[in-house]
Amino acid sequence: MKINPLFYFLILFSAMFSTAIISSCGGISNFGDEQTAVEDSLGYEKLLGTYIFKPSREQAERLRIDSNEVITLRITKDSLVNFKSGRYEGKYYIDKMVLMMTPYPKEAYSSTWSYNYFRQTKSNSFGLKQPIATYNNLSYTIEKLPDNDTLHICGYGSDPKHEVMRLVDFKKIK
């Protein structure tokens, strides 16, 4: 199967655009910590595992969920595909769909994750495929604190009160 070079350009452009927007926005909320985007190549193996997300009051309100909930995301090797371009895909499982800002049913869901590292821009491209295409899906970055190697998968989206808001922050637990 031959993939159009335009596809790779769009992936690279969206990764660079998302990173530039997120790193340069002064009006981003939910930044009580100093997490920064991981700029070195992780390899897909380090992404595999279980992550949890405990929403703040503001995140829970925007995602239309209870702030006392803990959402679990599992990034697995199921159906792993290694494309010759260095892009990888596999399965993810989430126990409550909070990856979209639309009022989509908040039930358990499984779909495909994708990962690629771009040496030229020193950026990790990570995505979680959504069940339906909307214009307000989240853009993802892989982040960590400067003094800690625990990975975070953070999803950013537009918010009426802010330019960009960290709506989900899945912290790796194993």
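This is a predicted model: local features need pLDDT of at least 70, side-chain atom pairs count only at pLDDT 80 or more; totals for chains, interfaces and linings use all residues.
Is Tyr93 buried, exposed or partly exposed, and what is its relative accessible area? Tyr93 is partly exposed, with a relative accessible area of 25%; here buried means under 20%, exposed over 50% and partly exposed in between, using a 1.4 Å probe and protein chains only.

Residues are numbered from 1 along each chain as its sequence is written, and side-chain values use heavy atoms, with hydrogens and water left out.

View 1. Helices (H or I, at least four residues) and strands (E, at least two) are DSSP runs, numbered from the N terminus. Setting aside neighbours within four places in sequence, Tyr93 is in contact (heavy atoms within 4.5 Å) with residues including Thr72, Arg74, Asp78 and Tyr109. With Asp78, the side chain of Tyr93 makes a side-chain polar contact of 2.6 Å. A polar contact is a pair of N or O atoms within 3.5 Å; within protein, one must be able to donate a hydrogen and the other to accept it, and residues adjacent in sequence count only if both atoms are side-chain atoms. Trp113 is 20 residues from Tyr93 along the chain, and their C-alpha atoms are separated by 9.6 Å.

View 2. Arg87 forms a salt bridge with Glu89, and their closest N and O atoms are 2.4 Å apart. The term means a side-chain nitrogen of Lys or Arg within 4 Å of a carboxyl oxygen of Asp or Glu, and by this rule there are six salt bridges. Arg87 is buried at 7% relative accessible area, whereas Glu89 is partly exposed at 21%. The charged end of Arg87 also sits over the ring of Phe83, 4.0 Å from the ring centre. For this, NZ of Lys or CZ of Arg must be within 6 Å of the ring centre and within 35 degrees of the ring normal.

**View 3. Two further salt bridges.** Here Asp149 pairs with Lys144 in a salt bridge, with 3.3 Å between the closest N and O atoms. Asp149 is exposed at 64% relative accessibility, and Lys144 is partly exposed at 25%. Arg166 and Asp169 form another salt bridge, their closest N and O atoms lying 3.5 Å apart. Arg166 and Asp169 are both buried.

**View 4. Aromatic pairs.** The structure has three aromatic pairs. Rings of Phe, Tyr and Trp (its six-membered ring) pair if their centres lie within 6.5 Å; planes under 30 degrees apart count as stacked, over 60 as edge-to-face and the rest as tilted. One of them is the tilted pair of Phe53 and Phe170, at 5.5 Å centre to centre and 55 degrees between the planes. Phe53 belongs to strand β2 (residues 49-53) and Phe170 to strand β10 (residues 162-172), so this pair ties together parts 117 residues apart in sequence. Both Phe53 and Phe170 are buried. Tyr92 and Tyr109 make another tilted pair, with ring centres 6.4 Å apart and planes at 50 degrees. Tyr92 lies in strand β5 (residues 88-94) and Tyr109 in strand β6 (residues 109-118), 17 residues apart. Tyr92 is buried at 0% relative accessibility, while Tyr109 is partly exposed at 23%.
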